[in-house]
Every structure is written in C-alpha cells, then in structure tokens.
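Please consider the sequence and the three-dimensional structure shown below.

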Amino acid sequence: MERNLNTSHAVTETVVSHSTVESSEKLPLSTKISYGLGDFGSQLFWTFSGSYLTIFYTDIVGLTPAIVAMIMLISRIWDGINDPMMGMIADRTKSRHGRFRPYILYGTPLLALFSVLTFTAPGFGGSLEAKIAWAIFTYIGLGMLFTLVNLPYGSLGAVITKDPGERTALSSFRMLSTNLGTILLSIITMPLIVFFSGGAGEQITARGYTITAFILALIAVPMLYLVFFKCKEVVQPTYTGKISFKKSLKAIFTSKSLICIFFILLLSLTAFFGRIGIQIYYYLYVIERMDLVALFMPLPAIGAVFGIMLFARFAKRFGKKRMLYIAYTGSALSLVFLYFVDYSNLPLLFAGTFVFGLMQFSTPIVVAMVPDAIDEIEHKNGIRIDGTAYAATSLSTKFASALGGAGTVALLGYFGYKANAEQTAETINGINVVVNIAPAALFLIAIIPVMLYGLTEDKLKTIQDDLNQRASS
C-alpha cells in the first residue's frame with residue numbers, strides 16, 4: 001500500500017485513537033476475565049453445534065449426508081450477506097450502551113433459544129420435507145443470531161481500552177477461554193448426551209441432544225451477560241464524516257492484507273472445523289471406542305492451550321509468517337502420522353492427536369493480524385471500520401465451518417457411510433482419509449496466502465508511526 005495515499009483526507013475527516021493511547025491505562029482483572037468468558041460461552045453454542053450437529057442430523061433426524069451438506073451451504077451463502085451487513089450496522093449504531101454492547105444484551109437470549117431448537121427433532125408425521133425445512137430454519141437462525149452476538153463481541157475488544165498492551169491481554173484471555181470452553185465441551189458433552197438418552201447401553205436419542213443443548217445454554221448466557229455488564233465501551237468513534245456502505249466495502253475489498261487473512265482463516269479453519277465435525281465418526285466407527293470419546297475430543301484443545309503458551313509469543317521475535325509456516329506444516333505432518341497409525345495403538349493415537357492440537361497456536365497469530373490490516377486500511381482510506389473488518393474475518397470462519405462440515409459429510413456419503421450400521425472396510429478407510437488426509441492437505445494449501453501476505457512488521461511500524469503523526473497534527 002502507498003504510504004501517503006489520502007493523507008490529507010485522513011487528517012481532515014478523522015481523528016484516530018492512536019494519539020490518545022495511555023500506557024498507564026490498566027484494566028481490572030475482573031474485566032479481562034469477563035471478556036474472556038464471553039468466548040467461553042460462545043464455544044458452548046457454536047463449537048457444540050459444529051461438533052455434533054452433523055451426526056445429529058444423520059443419525060437422529062435421519063437426513064442423508066447430501067441433504068446435510070446442502071443445509072450447511074445454504075446457511076453459509078446467507079452468511080455472505082448477513083455478516084458484512086451486521087458489521088456495517090454495528091459500526092453505525094448509536095445507543096446509551098454504545099455501538100456493540102446492545103447486541104450482546106438483546107441477542108443472547110435468542111441465541112440460547114435457537115441453540116436448543118436446532119437440536120430438536122420434531123417428527124412432522126414422518127415428512128422428510130418438513131424435517132429439512134425445520135433444519136434449515138433453525139440452523140440459519142442459529143447462524144444469524146451467533147453473528148448478531150459474536151461479531152459485536154469480537155469488535156468490543158478494540159473499544160474497551162485505548163492501551164495496546166491491554167488489548168493484547170484481552171485477546172490472550174479470550175483465546176485461553178476459547179480453548180477451555182472447547183475442552184469442557186469435549187469432556188462433558190457425550191456423557192451428558194448418553195445420560196439424558198437413558199444411560200450407557202441405551203440408544204442415543206434426540207432428547208439427549210436437546211437437554212444437553214439446554215444445559216449448555218444455561219451456562220453460556222450468564223457468561224455473555226458478564227461481558228455486557230463488565231466491559232464498557234470507553235473508546236468512542238471520532239470520525240466526523242459519514243461513512244457510506246459503498247466506502248466501507250471498497251476499503252475491505254481493496255485490502256490485500258485482509259483478503260490474505262480471509263483465505264488463511266478459510267483454509268486452515270476449514271481443515272480444523274471439518275475434522276471437528278467428523279472426528280466423532282472416527283472414534284465411533286474406526287477406533288470403535290465410544291468410551292474414549294471424552295478423552296480424545298478435548299486433546300486438540302488441550303494441546304492448543306500449551307501451544308499458545310509455548311509458541312505464540314515467538315511471533316514477535318521470528319515474525320508471524322514464519323510461525324504460521326511452522327504451525328501449518330506441523331499440523332499436516334501430525335495428521336499424516338495419525339492416518340498411518342494402527343487403529344488399536346492407543347498411545348500413538350493419543351500422542352498424534354495432542355501434537356496436532358499443539359500446532360494450533362496459529363489461530364491467535366492470525367487473529368492478531370486483523371488489527372494490523374485495519375491500521376493499514378485506515379492509513380490508506382482515512383476511515384476505521386473495526387466492525388466491518390471483523391465481519392470479513394468472521395465470515396471466513398463461518399464459511400470454514402460450513403465448508404468443513406458440508407465437505408466432510410459429503411465425503412462420508414461418497415465413501416458409503418450408512419448411519420447406525422456396521423461400516424465396510426472401504427468406508428472405514430474413507431473416514432480415516434476424511435479425518436486426517438483431507439485436512440492435512442488444506443493446512444498445506446493455507447501456506448500459499450501466508451506467503452502472499454505482505455504486511456511485514458517493519459511496514460506496520462511505519463504505518464502506525466505515520467498514523468500517530470497524522471493524529472497529532
């Protein structure tokens with residue numbers, strides 16, 4: 001990007017927050033914890049549906065893999081319109097609670113309701129069309145409400161404090177809570193589903209899923225309300241001109257850095273979510289150890305916690321791009337290793353799964369690249385569009401969730417998967433391919449947009465220095 005582009009425009013129309021940063025501004029620990037717990041609650045909604053909705057649709061509702069793939073793709077096509085629209089609306093919201101907090105206050109109860117409705121299975125007199133319509137209605141509703149709550153929640157992190165160090169601390173608490181939420185889900189979800197289905201030895205039922213979803217919603221709602229009550233918006237927009245939707249979209253679509261981030265997240269998270277959505281089939285039908293599901297499922301998240309603590313900090317020393325090369329190559333190699341391990345060799349299966357999780361330190365590094373791209377957009381265009389930019393990255397996450405879920409379930413059908421039946425040797429090997437080889441390939445492809453990402457640490461420092469000079473002039 002050209003450093004001096006639209007400099008006069010930026011000075012006359014906007015006063016950026018860089019000059020108002022106060023290094024002494026420290027947030028209370030309670031605020032940081034409360035903000036982090038928001039993502040803990042979000043995981044209880046979104047990761048639960050991402051991990052169990054596919055098998056709920058195929059084994060409980062009775063939908064074919066092809067129909068499930070269609071439902072997920074329809075929902076994500078709508079997200080392509082809904083997410084950017086929500087980001088631009090949030091950027092322009094004015095209320096006594098600020099720009100972002102009102103959506104958390106009013107949207108959370110509706111999100112909880114739809115998270116439960118999505119895991120209900122009305123009979124509709126056996127009508128397949130009615131079941132499909134109900135699944136589309138509830139799943140699209142869940143996705144829209146998740147956007148309504150989570151997108152403002154993510155944007156909130158930039159306006160709670162002006163201090164860059166405190167913003168980094170907020171992101172750290174958030175990422176820690178994300179993985180802890182995933183670990184909790186992995187440990188308790190299947191036991192809860194089994195318990196409310198009638199106990200061990202009984203067939204898993206829709207009732208088990210519905211009550212589990214209800215319990216998780218009861219836990220999640222207070223966590224998101226803590227964000228509303230404890231995390232105040234202290235950084236107010238100072239832009240005096242009117243930002244048109246066209247101007248916002250142009251700024252997004254002309255940002256090479258943000259486009260690269262979009263595809264990095266799309267490819268890596270498609271691999272990650274695709275594996276999450278289908279790994280339950282791997283444990284039930286390939287390894288054939290339902291009793292070990294509660295041990296296997298949390299391992300990637302546990303590994304991610306250690307990976308973030310051990311490796312994410314090296315991004316500052318070695319650069320974000322180098323660390324992403326290591327993370328994605330390591331992810332691919334660990335999955336290829338798991339593909340070749342004998343199904344009965346549990347120690348190696350556990351070790352390989354943990355190492356795969358260890359390599360997921362990449363996600364917070366990519367997320368940390370988003371504010372850098374926002375600074376670059378502000379430098380070029382003279383406007384700061386946190387909500388809209390976050391919507392673009394949120395959209396990549398949504399697309400990844402859908403493509404991962406739809407793609408893997410479609411591959412299940414291709415390999416001959418039949419619900420609640422003994423699988424053929426070809427199908428078992430196919431599940432192994434989908435769980436391990438397919439995501440490994442996507443992680444390697446994700447290296448391409450990383451290579452194309454051109455916003456280096458030196459270039460970013462130049463941009464930020466120039467922004468500070470503009471603000472003080």
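The account that follows begins with the chain as a whole.

This is a predicted model, in which local features need pLDDT of at least 70 and side-chain atom pairs count only at pLDDT 80 or more, while totals for chains, interfaces and linings use all residues. Residues are numbered from 1 along each chain as its sequence is written, and side-chain values use heavy atoms, with hydrogens and water left out.

Of the 473 residues in the chain, 57% are buried. Buried here means under 20% relative accessible area, exposed means over 50%, and partly exposed lies in between, with a 1.4 Å probe and protein chains only. Among contacts with a separation of 6 or more, 85% join residues 24 or more positions apart, a contact being heavy atoms within 4.5 Å.

Pairs of helices come next. Two packed helices are described by the angle between their axes and the distance between the axes. Axes are lines fitted to C-alpha atoms, for helices over the stretch in contact, and the angles run from 0 to 180 degrees between N-to-C directions.

Helix α4 (residues 101-117) packs on helix α5 (residues 128-156) at an angle of about 150°, and their axes are 8 Å apart. The angle makes α4 roughly antiparallel to α5; angles under 35 degrees count as roughly parallel, over 145 as roughly antiparallel, 65 to 115 as roughly perpendicular and the rest as oblique. The crossing of α4 past α5 is left-handed, a term used if the near helix is turned anticlockwise from the far one by less than a right angle, whereas clockwise gives right-handed. Residues making this contact include Ile104, Leu111 and Phe114 of α4 and Trp134, Phe137 and Leu145 of α5. By class, the contact of α4 with α5 holds 16 nonpolar, five polar and one charged residues. In this division Ala, Val, Leu, Ile, Met, Phe, Trp, Tyr, Cys and Pro count as nonpolar, Asp, Glu, Lys and Arg as charged, and the others, Gly among them, as polar.

Helix α16 (residues 386-414) takes part in two of the pairings described here. With helix α3 (residues 65-91), α16 packs at an angle of about 180°, the axes being 8 Å apart. The helices α3 and α16 are therefore roughly antiparallel to each other. Their contact has 15 nonpolar, seven polar and six charged residues. With α9, α16 packs at an angle of about 35°, and the axes are 7 Å apart. The crossing of α9 and α16 is right-handed, and the residues of their contact divide into 16 nonpolar, nine polar and no charged.

Thr388 is located in α16 and counts as buried, at 3% relative accessibility. Setting aside residues up to four places away in sequence, Thr388 touches Gly87, Met88, Asp91, Ser248 and Ile252. Thr388 and Ala251 are 137 residues apart in sequence, yet 9.7 Å apart in space, C-alpha to C-alpha. Asn150, in helix α5, is likewise buried, at 9% relative accessibility. With residues up to four places away in sequence again left out, Asn150 touches Ser42, Arg174 and Tyr390.

Helix α14 (residues 346-358) has 13 residues, which at 1.5 Å a residue should span 18 Å, and its end C-alpha atoms are 18 Å apart, in agreement. The expected span is 1.5 Å times one less than the number of residues in the helix. In α14, Leu349, Gly352, Thr353, Phe356, Gly357 and Leu358 are buried, and the buried residues of α14 pack against α9 (256-286), α10 (293-296), α11 (299-311), α13 (320-340) and α17 (425-445).

For α11, the 13 residues should span 18 Å, and the end C-alpha atoms are 17 Å apart, which agrees. Buried residues of α11 include Leu299, Ala304 and Ile308. Phe306 also belongs to α11, but at 43% relative accessibility Phe306 counts as partly exposed. Beyond residues up to four places away in sequence, Phe306 touches Phe354 and Leu358. The C-alpha atoms of Phe306 and Gly357, 51 residues apart along the chain, are separated by 8.6 Å.

How values were computed. Helices (H or I, at least four residues) and strands (E, at least two) are DSSP runs, numbered from the N terminus.
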